[in-house]
Amino acid sequence: MNFNTKVIHGGQHHESATGSVNVPVFLTSTFAQKSPGVHSGYEYSRAANPTRQALEDSLASIENGARGLAFGSGLAAIDCVLKLLNPGDEVIAVDDLYGGTYRMFTRLFEKYQLKFTFVNFDDVSKISEFITDKTKLIWVETPTNPLMKLVDIKAVVDIAKGKDILVAVDNTFATPYLQRPIDLGADIVMHSATKYLGGHSDVIAGALIAKDAELGEKLHFIQFASGGILGPHDSYLVLRGIKTLALRMQRHSDNGLEVAKYLESHPAVDKVIYPGLESHPQYELAKSQMKEAGGMVSFTFKSGKKEDAVKFLERVKVFTLAESLGGVESLANHPALMTHASIPAEKRAELGITDDLVRLSVGIEDAEDLIADLERAFS
C-alpha cells in the first residue's frame, strides 16, 4: 500500500462479529475464556485490548515496523525504552530535545545509574567520540524541539552498526508522512501521539514502533509489566486521527512554509528556523530525508528582548497561546517559560533557547488568516 492508503487500511480489519467498518471501543477490563487458559487471544486489557490492538497494528503499518505499542503518554513510551537498559549503561542523546525527555533522563533515570551524554548532532561523526563499550542507546530527535535542528538518521545508524547499540528516533514533529526512520535503519520510533497522530488536541497518548519482532516483544513485556497502556477510548481517538494524517500533514506543511516565508521578510524578526527555508543550515538534509518540512516554525526578535516575545504572544488571536502542538488549530508557545522551563537556564542559553524565542505550531486554517493574525500581533 502507498501511504495515503495505509493510514486508512494499514493493519486494519472489519470487526468480525458485526462487520463494523470502524473498530468498536472495547470498554472491558477482562475477557471470557472457554477453559482455563483457552481464550480468543485476549485475556486482560493491560496485556491487549482489541481497540488498542487496532491502533498498534496501524502504527506498525505506517512506520513500516514489525510491532506497534500504544501508551498513556509520549513520556510513558520513552520510559518503556529506557527500561530496556541496565544500571551502568550509557545513553547518547541529541542536546536539543524536548524538555520532558531531558527531565526524565536527568531527574529520574540518572539515579538508577544510567549515564546520559548530550551531544550536538550537527556533525554526527563526533558521536563516535562519546561511544564506549557501555553505550547501549542513541536517542535522536529530528527535527528537534524547539530549535528545528535535523539529525542525519542514516549516518547515526551507520555509526551504531555492529556495536550492539540501539538507535531510537523521536519522530513526533515529522510523523511517518514526512519521514520514516525505520526505513533509514533505526531500531525504535517514538511518538507523542498527542500531537500530529491524534491531531485534534483531544487526547494524551504515546507510541513506540519496533523494527523487528524480537525487540517489539521485549518492549511489549515492559509495557505489560509496567502498565503504562493507552485506554480503549483514547486508542480509538488516535486511530481516527491517523486516518486523516496525510491530508493534515500536507496542509500543515504548506501553511508552515507560507508562515516561515512571511516571518523571514518581517522587519521585527531576526532569525526564522524552518527546515523548508533555504536559509536553514540543513536545508539539503531536509530535502533528502523529509517529504516536506512540516508545520513547526521557530523565530527570534531583532530586539532580543523577552518582553517583545511575551507581548507578541499576548496579542495573537487565531493562534492560541498554549502548550503542545500538532493539532488542527494553530498554537503559539514561549519555550523558555513553557515547554522547556524544566531545562536549567544556563543549559537553555548554551543550546540557543533564548528568552525571545517563539515556537509556532502552524495549523490547517487558511494561511492568509494566520499571516494576518501574526501581522496584528507584531503591530
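Student: Leaving aside its neighbours within four places in sequence, which residues is Gln53 in contact with?

Tutor: Contact means heavy atoms within 4.5 Å. By that rule, Gln53 touches Tyr42 and Ala48. This is a predicted model, where local features need pLDDT of at least 70, side-chain atom pairs count only at pLDDT 80 or more, and totals for chains, interfaces and linings use all residues. Residues are numbered from 1 along each chain as its sequence is written, and side-chain values use heavy atoms, with hydrogens and water left out.

Student: Where does Gln53 lie?

Tutor: Helices (H or I, at least four residues) and strands (E, at least two) are DSSP runs, numbered from the N terminus. Gln53 is in helix 2, residues 50–62.

Student: Is Gln53 buried, exposed or partly exposed?

Tutor: Buried means under 20% relative accessible area, exposed over 50%, and partly exposed in between, with a 1.4 Å probe and protein chains only. Gln53 has 23% relative accessibility, so it counts as partly exposed.

Student: Which way do the residues of strand 2 point?

Tutor: In a regular strand the side chains alternate between the two faces of the sheet. Here Glu90, Ile92 and Val94 point one way, Val91 and Ala93 the other way, and all are buried. Because five of the five residues of strand 2 (residues 90–94) are buried, the strand is largely enclosed by the rest of the structure.

Student: In which sense does strand 2 pair with strand 3?

Tutor: Two strands pair if DSSP finds at least two bridges between them. Strand 2 and strand 3 (residues 115–119) pair in the parallel sense over five bridges; Val91 has Phe116 as its bridge partner. Strand 4 (residues 135–141) also pairs with strand 2 in the parallel sense, over four bridges, and there Trp139 stands opposite Ala93.
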